[in-house]
Amino acid sequence: MGTADAGLAVLRVGTGLTVAAHGAQKLFGWFGGGGREGTTGMMGRLGFEPAERSALAAGIGEFGGGLLLAAGAGTPIGSTMVTGTMIVAASTQLPKGFFVIKGGIEYPAMLALVAASLALTGPGSASVDNALRWRPGLGLRLAGVGAAVTMASVVISRRRSVVRSREAAAAASA
């Protein structure tokens with residue numbers, strides 16, 4: 001294994017396990033997270049409907065995608081899951097600006113960029129994909145990133161519509 005493959009392994013494992021831990025907070029309440037119930041409430045407050053399904057999708061995208069990414073197993077799939085989920089997460093923090101210190105998009109945006117980059121580079125030699133000799137072509141890798149961006153855009157658009165409707169209802173009742 002060369003230095004590039006070692007670097008990919010460190011980046012992939014570190015990013016994947018970080019995102020998986022974040023998903024475990026949502027799904028299981030581990031590491032001080034809210035679990036499915038708390039995450040469902042948060043998703044509802046943020047305008048994701050149906051909130052329970054949205055919480056489950058976010059948890060699976062982070063936990064499952066993160067584990068796949070960490071292992072380098074089905075890397076285009078895991079990368080797509082993480083990229084899409086992190087784009088949506090960043091969209092909820094956009095009004096607070098860029099920096100995480102103010103609740104901004106810095107953290108989820110960086111995770112999305114790393115996951116998308118790993119989708120394009122591949123997992124490297126120290127991975128399950130390499131052990132299974134699965135080397136998807138650039139077309140599949142690009143399709144995964146495209147799918148992540150497309151699906152995230154759909155989810156963001158639906159959420160914005162819900163938020164606008166809530167704001168209009170609140171203004172009308174005021």
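Gln 25, Lys 26, Leu 27 and Phe 28 of helix 1 touch Gly 35, Arg 36, Thr 39 and Met 42 of helix 2. Contact means heavy atoms within 4.5 Å. Helices (H or I, at least four residues) and strands (E, at least two) are DSSP runs, numbered from the N terminus. By class, this contact holds 3 nonpolar, 3 polar and 2 charged residues. Ala, Val, Leu, Ile, Met, Phe, Trp, Tyr, Cys and Pro count as nonpolar, Asp, Glu, Lys and Arg as charged, and the others, Gly among them, as polar.

The model is predicted: local features need pLDDT of at least 70, side-chain atom pairs count only at pLDDT 80 or more, and totals for chains, interfaces and linings use all residues. Residues are numbered from 1 along each chain as its sequence is written, and side-chain values use heavy atoms, with hydrogens and water left out.

**Helix 1 and helix 2**

Helix 1 covers residues 3–28, and helix 2 covers residues 35–46. Their axes lie 4 Å apart, and the packing angle is about 95 degrees. Axes are lines fitted to C-alpha atoms, for helices over the stretch in contact, and angles run from 0 to 180 degrees between N-to-C directions. Helix 1 and helix 2 are therefore roughly perpendicular. Angles under 35 degrees count as roughly parallel, over 145 as roughly antiparallel, 65 to 115 as roughly perpendicular and the rest as oblique.

**The loops**

The loop between helix 1 and helix 2 holds Phe 31. Gly 32 lies in the loop between helix 1 and helix 2 as well. Phi of Phe 31 is near 55 degrees, a positive value in a residue other than glycine.

Pro 50 sits in the loop between helix 2 and helix 3 (51–71). The peptide bond from Glu 49 to Pro 50 is cis, and its omega is near -5 degrees.

The loop between helix 6 (128–131) and helix 7 contains Trp 134. Arg 133 is also found in the loop between helix 6 and helix 7. Arg 133 is not a glycine, yet its phi is positive, at about 60 degrees. Beyond its neighbours within four places in sequence, Trp 134 contacts Gly 74, Thr 75, Pro 76, Asp 129 and Leu 140. Its C-alpha atom is 51 Å from that of Ala 168, 34 residues away along the chain.

Buried means under 20% relative accessible area, exposed over 50%, partly exposed in between (1.4 Å probe, protein chains only).

| Residue | Relative accessible area | Class |
|---|---|---|
| Phe 31 | 59% | exposed |
| Gly 32 | 74% | exposed |
| Arg 133 | 66% | exposed |
| Trp 134 | 35% | partly exposed |

**Packing against helix 7**

Helix 5 (residues 106–121) and helix 7 (residues 138–173) have axes that come within 8 Å and cross at roughly 160 degrees. That makes helix 5 roughly antiparallel to helix 7. The crossing of helix 5 with helix 7 is right-handed. A crossing is left-handed if the near helix is turned anticlockwise from the far one by less than a right angle, and right-handed if clockwise. On helix 5, Ala 116, Ala 119, Leu 120 and Thr 121 make the contact; on helix 7, Arg 141, Leu 142 and Val 145. The contact of helix 5 with helix 7 has 5 nonpolar, 1 polar and 1 charged residues.

Helix 4 (residues 75–93) also meets helix 7. The axes come within 8 Å and cross at roughly 30 degrees. Helix 4 and helix 7 cross in a right-handed sense. Helix 4 contributes Thr 80, Thr 83, Gly 84, Ile 87, Val 88, Ser 91 and Thr 92. Helix 7 contributes residues including Gly 144, Val 145, Ala 148, Ala 152, Ile 156 and Arg 159. The contact of helix 4 with helix 7 divides into 9 nonpolar, 6 polar and 1 charged residues.

**The whole chain**

The protein chain has 7 helices and 0 strands. Along the sequence the pattern is α-α-α-α-α-α-α. The radius of gyration is 17 Å, close to the 16 Å that the globule rule gives for 174 residues, so the chain is as compact as a globular protein of that length. This radius is taken over C-alpha atoms, and the globule rule is 2.2 Å times the number of residues to the power 0.38. The C-alpha atoms fill a box of roughly 65 × 35 × 30 Å along the principal axes. Of the 174 residues, 41% count as buried. Among contacts with a separation of 6 or more, 63% join residues 24 or more positions apart.
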